[in-house]
Amino acid sequence: MEAVVYQGEHEVAVEEVDEPAIEHPNDVVIDITTSCICGSDLHMYEGRTAAEEGIVFGHENMGIVEEVGDGVSTLEEGDRIVLPFNVACGFCENCENGKTGFCTNVNPGFAGGAYGYVAMGPYKGGQAEKLRVPYADFNALTLPEEGNEDSFALLADIFPTGWHGTRLADLQPGESVAIYGAGPVGLMAAYSAKIQGASEIYSVDRVPSRLELAEEHCAATPINFEEGDPVEQIKEIHGSGVDKGVDAVGYQAVDPDKEADDAYDPARESPANVLNNLIRTVRPTGQLGIVGLYVPDDPGAPDEMAAEGRLGIDFGLLFEKGQKLGTGQCDVKSYNRQLRDLIIEDRADPSFLVSHRVGLDEAPEMYERFDNREEGVTKVLLEP
Ligand code: NAD
Ligand code: ZN
């Protein structure tokens, strides 16, 4: 079958790979109908990780059950399902508590498993014609036979992850919130804030087409950080600190004063330091939800990678303001059923985010354009 295979820094190719098969009675194999390209794939694509050449990408997967393992009891051939990007067992201590993003069984020695992702277990990605799904009864979310193709595809990761950002920040109806990043995750956080009843939403980015989506679909006030300190811009409108804040950027934050290529500067003075901007933007005793990705400070990693985990954050200011902070991978399963039902009942329609739906053969070009944060390239869905 064909799959999107990593070739090394800034390069993927569509290649023939072996078809997956049932390896354990709890598995199913699905025919992929949609697998999305994610900002998280870009960390590997840009060569910032230890991802090895030859791995198949794709953790945002949806498809039709094609083959069912003997131990699977709730799924049948022909079922349409969407899969959390997390691979989770369902019975470890964390899964039992709903923390499926931190399953300790699927990937010993590391918190959490995922499809097609470096360090997150042996699971192949779904940017391919077929995918093996472990612990299928637990992981699969069934969908109506047809309809809402774009919205349902976003249930694998970014709609729940955006929602998770607002929950980590404990956003309440009537509160104000600032969301750093208006990429797919930031836009889903802003959209979640809107449907949860936030009174004011500030979306910070520098890509005009993304800020326009935030304004048009998420009722957000766009803040372009290239036009000046975003914290000052928000305070000028809001008057004081906002109640809550979400980081949907992560360690790869761009510094407008630097070249795009070596953008990240962990120094505390950096105007691009999203965590410090959040601490400054949010009022004393407010709460921050960090869903943008940060990597551990691994002493064995190359210098530039180690530095990405070692942030210059103004902990003193966080302490002085008595703010709370929540972070980590999204436990997609905690939210996807409810978000699916909001979509089915027409109470939520995140499909405005989808800018491209293309065949696998266009993956190399779309990776490059999404990586450049090209105007109008917001969320790319691959359809084998
Ligand atoms: P993306 O890279 O497309 O979006 C990031 C956005 O941040 C871009 O639009 C960029 O212009 C903007 N940005 C860059 N520097 C900024 C700065 N200094 N201030 C404000 N905005 C800035 O990717 P995405 O798909 O939206 O993902 C965003 C982050 O979320 C990534 O780090 C990704 O790995 C992470 N993520 C986390 C989870 C999770 O479970 N926690 C799940 C999915 C993605
Ligand atoms: Zn993703």
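Predicted model: local features only at pLDDT ≥ 70, side-chain atom pairs only at ≥ 80, totals over all residues.
Residues are numbered from 1 along each chain as its sequence is written, and chains are lettered from A and ligands numbered from 1 in the order in which they are written.

Okay, the whole thing. We've got 13 helices and 17 strands, which are DSSP runs numbered from the N terminus: H or I of at least four residues for helices, E of at least two for strands. The radius of gyration is 20 Å, close to the 21 Å from the globule rule for 384 residues, so the protein is as compact as a globular protein of that length. That's over C-alpha atoms, and the rule is 2.2 Å times the number of residues to the power 0.38. The C-alpha box along the principal axes is roughly 60 × 45 × 40 Å.

Now the domains, with bounds from an automatic or database assignment. Domain 1 is 2–157 + 331–383, and domain 2 is 158–327. Their C-alpha centres sit 25 Å apart. The contact takes 20 residues from domain 1 and 21 residues from domain 2; contact means C-beta atoms, placed from the backbone, within 7 Å.

On domain 1's side, the elements giving two or more residues are helix H1 (39–45) and helix H12 (336–344). H1 brings the largest share, three residues.

Technical notes: Contact = placed C-beta atoms within 7 Å.
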